[in-house]
Amino acid sequence: SIDDLQRTGLDYLALGHIHERHVIAPNRGTGPWIVYPGNSQARSPRRSEQSPKGAVVVNVVDGSVRDVEFVACDRVRFEEISCDIAGIGDLGELEDLLASTATVRLAAADGRSLVLRARLCGRGEVHRNLARPGSSLGLLQALRDSAATREPFIWWDAVSDETAGELDLDEIRGRGDFVSDLL
């Protein structure tokens with residue numbers, strides 16, 4: 001327990017196994033720093049790996065821990081882009097939107113390369129195009145091709161299609177069934 005760790009008499013405890021950096025108990029004059037420093041490099045697109053990775057530097061003054069500081073050491077970061085397809089007319093427009101979003105994310109990655117996943121959601125006209133066999137795979141390949149020459153690099157890992165077609169509420173209201181009565 002945290003109480004057990006605080007009674008160790010140590011100034012700093014670096015805990016392991018958890019890949020997400022987290023300060024459990026900062027020293028406020030009552031006990032040791034208790035820190036999950038995380039890992040130095042993300043290894044997968046899991047949510048716990050989607051943050052800057054690095055090391056925790058422990059600053060010691062006169063034999064006592066004064067503070068801790070995170071220093072990013074990672075070379076590659078994993079991120080997921082969520083994209084609502086509402087208002088997107090075709091696959092070319094969707095590809096352009098994803099590519100420009102990737103460029104913005106790369107600029108914010110402090111010089112690190114990115115491994116990206118796109119999660120397409122919402123309702124819209126482009127859903128019909130995405131529903132065609134091979135369409136998502138074609139979009140993924142086009143994104144990979146357009147990002148192939150960058151340094152730091154962008155690698156598109158996956159595109160998942162969770163979209164649906166547009167709803168015509170007037171058409172549904174006119175059907176004369178239970179759902180139309182609800183509307």
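Biologist: Why is C73 called partly exposed?

Modeller: Buried means under 20% relative accessible area and exposed means over 50%, with partly exposed in between (1.4 Å probe, protein chains only). C73 has a relative accessible area of 43%, so the residue is called partly exposed. This is a predicted model, in which local features need pLDDT of at least 70 and side-chain atom pairs count only at pLDDT 80 or more, while totals for chains, interfaces and linings use all residues. Residues are numbered from 1 along each chain as its sequence is written, and side-chain values use heavy atoms, with hydrogens and water left out.

Biologist: What makes C83 count as buried?

Modeller: The relative accessibility of C83 is 6%, and therefore C83 counts as buried.

Biologist: Why is the pair R112 and D74 called a salt bridge?

Modeller: Side chains of opposite charge can pair when their charged atoms come close. The criterion is a side-chain nitrogen of Lys or Arg within 4 Å of a carboxyl oxygen of Asp or Glu. In R112 and D74 the N to O distance is 3.0 Å, so the pair is called a salt bridge. R112 lies in the loop between α2 and β7, and D74 in the loop between β5 (64-72) and β6, 38 residues apart. Here helices (H or I, at least four residues) and strands (E, at least two) are DSSP runs, numbered from the N terminus.

Biologist: Are R112 and D74 buried or exposed?

Modeller: R112 has a relative accessible area of 14% and is therefore buried. D74, at 2% relative accessibility, also counts as buried.

Biologist: What makes R105 and E79 a link between separate parts of the sequence?

Modeller: The closest N and O atoms of R105 and E79 are 2.8 Å apart, and the two residues form a salt bridge. R105 is in helix α2 and E79 in strand β6, so the pair ties together parts that are 26 residues apart in sequence. R105 is partly exposed, with a relative accessible area of 28%.

Biologist: What makes the charged end of R21 sit over the ring of F70?

Modeller: The rule asks for NZ of Lys or CZ of Arg within 6 Å of the ring centre and within 35 degrees of the ring normal. The charged end of R21 meets this rule, 3.6 Å from the centre of the F70 ring.

Biologist: Why is P152 called partly exposed?

Modeller: P152 has 22% relative accessibility, and therefore counts as partly exposed. P152 is found in the loop between α4 and β8.
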